[in-house]
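Entries follow in the order I made them.

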Amino acid sequence: MKREQVFEFFRRLAEANPSPTTELESGNAYQLLVAVVLSAQATDASVNIATRPLFERIENPRQMVDLGEESLRNAIKTIGLFNTKAKNVIALSQVLIEHHNGEVPRTREELQALPGVGRKTANVVLNTAFGEETFAVDTHVYRVCNRTGLAPGKNVDDVESKLDRIVPQPFRRDAHHWLILHGRYTCKARLPECWRCPVIDLCRYQPKTLPPEERIKPSAARTASRASSAARTARGRTASKPKASRSRSRPSRLP
């Protein structure tokens with residue numbers, strides 16, 4: 001996209017949702033860090049269900065370590081990969097106690113050094129907890145950037161790098177939230193809802209998805225296709241059928 005198109009892209013998303021934020025529920029930077037670690041390959045909704053009662057008791061790394069890995073596993077067992085995640089959360093909590101005075105670090109390098117914390121998780125924490133202009137690229141952001149042509153890339157690092165180069169002020173701090181929410185609720189993976197997309201004319205995705213009332217249901221489409229095929233076959237048979245010859249009456253030969 002051209003520079004003015006990128007600006008207009010985010011201007012429209014901002015107009016539709018002036019105050020975007022993560023859907024993960026947390027009360028402080030530590031709880032946010034834990035929630036993001038737990039959200040890997042899981043939905044925010046499923047993480048919130050597990051962390052609501054957990055975060056009523058656990059607000060800091062010391063309380064998490066005192067809770068213990070087994071109890072944490074039981075608390076988050078509804079989330080995928082809960083065994084590995086429980087182990088990582090306890091381990092990162094111990095590191096925070098021993099090396100960061102129980103506080104969540106504010107640099108990407110220190111965050112990524114924590115067990116279970118990758119670049120995406122670090123970017124989310126830096127952005128949401130500390131207001132840094134970072135671009136966390138998850139599956140939604142990756143899909144939207146490639147599908148629309150906003151910031152196409154072969155991998156998440158390519159997309160993040162391009163977003164960092166092209167996203168203008170005043171949209172940089174909230175850009176990844178707009179893209180996540182747009183991908184989650186409008187530019188969906190299987191069937192993007194193009195008919196209600198605010199940036200439809202800026203998007204290169206083709207063909208645009210029609211509104212439900214204008215789409216033919218698969219069964220109806222198959223029926224129509226079969227009827228059309230049968231009609232063509234019938235016409236073909238009619239055309240190939242030899243026509244009855246008209247014999248002219250010949251006059252009798254004179255004797």
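**Entry 1: helix H2**

I am working from a predicted model. I began with helix H2, residues 29-38, and asked how much of it is covered. I counted 9 of its 10 residues as buried, so I noted H2 as mostly covered. The buried ones are Tyr-30, Gln-31, Leu-32, Leu-33, Val-34, Ala-35, Val-36, Val-37 and Leu-38.

Next I looked for what covers them. The cover includes helix H3 (44-57), helix H4 (61-67), helix H6 (82-99) and helix H8 (119-130).

I also checked the start of H2. There a side-chain oxygen of Asn-28 comes to within 3.1 Å of the backbone nitrogen of Tyr-30.

**Entry 2: the cores**

Nonpolar side chains tend to be buried together in soluble globular proteins. I therefore turned to the nonpolar cores here. The largest has 34 residues. Which of them touch the most other members? I found Tyr-30, Leu-33, Met-64 and Leu-72. H2, H3, H4, H6 and H8 are the elements that each give two or more residues to this core. H2 supplies the largest share, 8 residues.

I followed up Leu-72. Setting aside neighbours within four places in sequence, Leu-72 is in contact with Leu-54, Met-64, Leu-67, Ala-86, Val-89 and Ile-90.

**Entry 3: H9 against H10**

Two packed helices are described by the angle and the distance between their axes. I looked up both for H9 and helix H10 (residues 156-166). Their axes come within 10 Å and cross at roughly 70 degrees. I recorded H9 as roughly perpendicular to H10 because the angle falls in the 65 to 115 range. H9 passes H10 in a left-handed crossing.

Which residues make the contact? From H9 I listed Val-141, Tyr-142, Cys-145 and Asn-146. From H10 I listed Val-156, Val-159 and Leu-163.

**Entry 4: Thr-148**

I ended with Thr-148, which lies in helix H9, residues 139-148. Is Thr-148 buried or exposed? Its relative accessibility is 3%, so I put it down as buried. The side chain of Thr-148 reaches the backbone nitrogen of Leu-150 at 3.2 Å. Leaving out neighbours within four places in sequence, I found Thr-148 in contact with Met-1, Phe-9, Leu-202, Cys-203 and Arg-204.

How values were computed:
Residues numbered from 1 in each chain as written. Predicted model: local features only at pLDDT ≥ 70, side-chain atom pairs only at ≥ 80, totals over all residues. Heavy atoms only, no water. Helix = DSSP H or I, 4+ residues; strand = E, 2+ residues; numbered from the N terminus. Buried < 20%, exposed > 50% of the residue type's maximum accessible area, 1.4 Å probe, protein only. Polar contact = N/O pair within 3.5 Å; in protein donor to acceptor, adjacent residues only side chain to side chain. Contact = heavy atoms within 4.5 Å. Core = buried A, V, L, I, M, F, W, Y, C linked by side-chain atoms within 4.5 Å. Axes fitted to C-alpha atoms, helices over the stretch in contact; angles between N-to-C directions. Parallel < 35°, antiparallel > 145°, perpendicular 65-115°, else oblique. Left-handed = near helix turned anticlockwise from the far one by under 90°.
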